[in-house]
Amino acid sequence: MKKILPSFSYIFHPIFIPALATLFYLFYNDANFVIQEKIFVFFQVTIVTLIIPALVFLLLRATGNIDTIMIAKISQRKIPLIVHCFLIILLVRKSITIDRYPELHFFLLGGLMSTLLALILLFLKSKASLHMIAISSLTVFVIGLSMHFQVQSIIFIALLILLNGIIASSRLEMNAHTHKELVVGFCIGAVPQLLLLLLWL
């Protein structure tokens, strides 16, 4: 099991979570979109939150500003998080608008709030688990979607709750975080999503 646990940190890296949340959103909201719009929305989110950050990572790694994809050092986290904030702002202002995609819009806003909180912690010489921020925010979002669209999603929700524990164990196994950093990350991810649920549920 100890050999398998680290793989979850890579499979559920925070960079994949917005695209995964978009898939859940399109799945739950299936009736309201034609296939072309679904593809368009998914690729927009994927390009802005996955492809561009991956290219930025490669650039930062080539210039020696980052050494691994896990970005363990506090000093190395600032630029990627700042870039992520700008990309999310671009996405919610220009593409995933509140009038057309309200649920996904608020998920991304919650992600922006979580990223800003994580960034503030960095300037205070502390860090939170970005993995826990990502998976906890996704879990709350899927629970909200299930309630909003009145769809039974016990299996999805149970799997996501289980993944929170597995990913936390993975980060501990890799000596990437302390217990405190995992708890802080979970709260920073979940609380903004919970607060924003009040605006779209």
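Reply: First the term: a salt bridge here is a side-chain nitrogen of Lys or Arg within 4 Å of a carboxyl oxygen of Asp or Glu. Note also that this is a predicted model.

Me: Fine. How many salt bridges does the structure hold?

Reply: There are three salt bridges in the structure.

Me: Start with R100. Which residue does R100 form a salt bridge with?

Reply: R100 pairs with E37, and the closest N and O atoms are 2.7 Å apart. This pair links distant parts of the chain: R100 sits in the loop between α4 (74-94) and α5 (102-123), while E37 is in helix α3, 63 residues apart.

Me: Is E37 buried or exposed?

Reply: E37 is buried, because its relative accessible area is 18% and the cut-off for buried is under 20%. R100 has 38%, so R100 is partly exposed.

Me: Which side chains meet in the salt bridge at 3.6 Å?

Reply: Those of D67 and K73, N to O. D67 is partly exposed at 35% relative accessibility, and K73 is also partly exposed, at 46%.

Me: Why do such side chains pair at all?

Reply: Side chains of opposite charge can pair when their charged atoms come close.

Me: OK, back to the loop between α4 and α5. What does the side chain of S95 make a polar contact with?

Reply: S95 is placed in that loop. Its side chain makes a polar contact with the side chain of Q44, at 3.1 Å.

Me: What else is S95 in contact with, leaving aside neighbours within four places in sequence?

Reply: Besides Q44, S95 is in contact with L90 and Y101.

Me: Switching to the surface. Which residues form the nonpolar patch?

Reply: The patch is made of I35, I39, F43, I47, I51, I52, L55 and L58. Together they have about 730 Å² of accessible area.

Me: Where does L58 lie?

Reply: L58 lies in helix α3, which covers residues 35-62. E37, the partner of R100, is in helix α3 too.

Methods:
Residues numbered from 1 in each chain as written. Predicted model: local features only at pLDDT ≥ 70, side-chain atom pairs only at ≥ 80, totals over all residues. Heavy atoms only, no water. Patch = residues over 30% accessible without salt bridge, like charges linked within 9 Å, V, L, I, M, F, W, Y side chains within 5 Å. Areas by Shrake-Rupley, 256 points an atom, 1.4 Å probe, with all protein chains shown as cover. Helix = DSSP H or I, 4+ residues; strand = E, 2+ residues; numbered from the N terminus. Buried < 20%, exposed > 50% of the residue type's maximum accessible area, 1.4 Å probe, protein only. Polar contact = N/O pair within 3.5 Å; in protein donor to acceptor, adjacent residues only side chain to side chain. Contact = heavy atoms within 4.5 Å.
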